[in-house]
Amino acid sequence: MLRIAIPNKGTLSQPASQMLRDAGYRQRTDPKDLICRDEPNNVEFFYLRPRDIATYVGTGDLDLGITGRDLLVDSGVAASEVLDLAFGGATFRWAAPPGTITSADEVGGRRIATAYPGVVERYLAEHNLKADVVRLDGAVENAVRLGVADLIADVVETGATLRQAGLVTLGEPLLRSSAIIIGRPDHTPAGVSQLIRRLQGVLVARSYVMLAYDVRADLLENATALTPGIESPTVSPLHREGWVAVQAMVQRASVHQVMDELYELGARAILVTDIANCRL
């Protein structure tokens, strides 16, 4: 039975469980449950602290896990990224008082406060820099004001909290994180390929919609240039002579623009349908 770790709380927990449901897997109905067995799919889910998931996968106690890229890097364990799940985005950046440090090249030799020492240490090692990394469990924005550090490395969203602490961001991000499936490079148990294929189907379904419309046959070439689909659009003759019906997958982000362009071209009965899941 495939054994998979899921975050039991935090920002990744609910989206991870929902994505697995969309992929056809059973999930717990009581948030207090620590284990959920999905017998038909031969999978067992374990709900763990997000920071512990990489450790369980790295030691081989569990086959796969859903966690943040930041938590995987911070753990330093021997696990690797299998699939980016495209949710739970986070950006890690340097921040310091204005005018004290102007670029990431200047962090060497400084005191750096962070709740993610593994992320910072990897960056320092990759850039041949040495610094004193001060580990804090939270509220790192106050570390500089309290004299604990010269700068910080933390997740930055709007930057409002940093500004309140008298800090500004500098340089490029240390890391761009999101939710990922992790596993071990030397271990591919039965069921992994099916899981990844199902999750990829969910990712595609969330990014695309099915667009259907009617258009005159003499305009078909121009219309299908706007809607080429994944491989090719489906074209069917209509009872109305000289007209055809077209179906194609279109990126969700651009569907309204495509609909406008089709209408101006002469297409009619333009319909959009959500895709629950797919296999490509």
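**Figure 1. The largest pocket has a volume of about 610 Å³.** This is a predicted model, in which local features need pLDDT of at least 70, side-chain atom pairs count only at pLDDT 80 or more, and totals for chains, interfaces and linings use all residues. Residues are numbered from 1 along each chain as its sequence is written, and side-chain values use heavy atoms, with hydrogens and water left out. The pocket lining holds 26 residues; closest to the centre are Thr11, Asp70, Leu71, Tyr116 and Val155. On a 1 Å grid over the protein atoms alone, a pocket is an open set of points where a 1.4 Å probe fits, with protein on both sides within 12 Å along at least five of seven lines; lining residues have an atom within 4 Å of a point. The volume is the space filled by probe spheres set on the points. Helix H2 (50–59), helix H3 (69–75) and strand E9 (151–155) each supply at least two lining residues. Helices (H or I, at least four residues) and strands (E, at least two) are DSSP runs, numbered from the N terminus. By type, the lining splits into 10 nonpolar, eight polar and eight charged residues. Asp, Glu, Lys and Arg count as charged; Ala, Val, Leu, Ile, Met, Phe, Trp, Tyr, Cys and Pro as nonpolar; the others, Gly among them, as polar.

**Figure 2. The structure holds three aromatic pairs, and one of them joins tyrosine 25 and phenylalanine 45.** The ring centres are 6.1 Å apart and the planes stand at 80 degrees, so this pair is edge-to-face. Rings of Phe, Tyr and Trp (its six-membered ring) pair if their centres lie within 6.5 Å; planes over 60 degrees apart count as edge-to-face. Tyrosine 25 is in the loop between helix H1 (13–22) and strand E2 (35–38), and phenylalanine 45 is in strand E3 (residues 43–48), 20 residues apart. Both tyrosine 25 and phenylalanine 45 are buried (under 20% relative accessible area, 1.4 Å probe, protein chains only). The charged end of arginine 198 sits over the ring of tyrosine 25, 4.7 Å from the ring centre. For this, CZ of Arg must be within 6 Å of the ring centre and within 35 degrees of the ring normal.

**Figure 3. Tryptophan 94 and tyrosine 123 form an edge-to-face pair.** Their ring centres are 5.3 Å apart, with planes at 75 degrees. Tryptophan 94 belongs to strand E6 (residues 90–96) and tyrosine 123 to helix H4 (residues 117–126), so the pair ties together parts 29 residues apart in sequence. Tryptophan 94 is buried at 0% relative accessibility, and tyrosine 123 is buried at 10%.

Methods
Phe/Tyr/Trp six-rings, centres within 6.5 Å; stacked < 30°, edge-to-face > 60°. Buried < 20%, exposed > 50% of the residue type's maximum accessible area, 1.4 Å probe, protein only.
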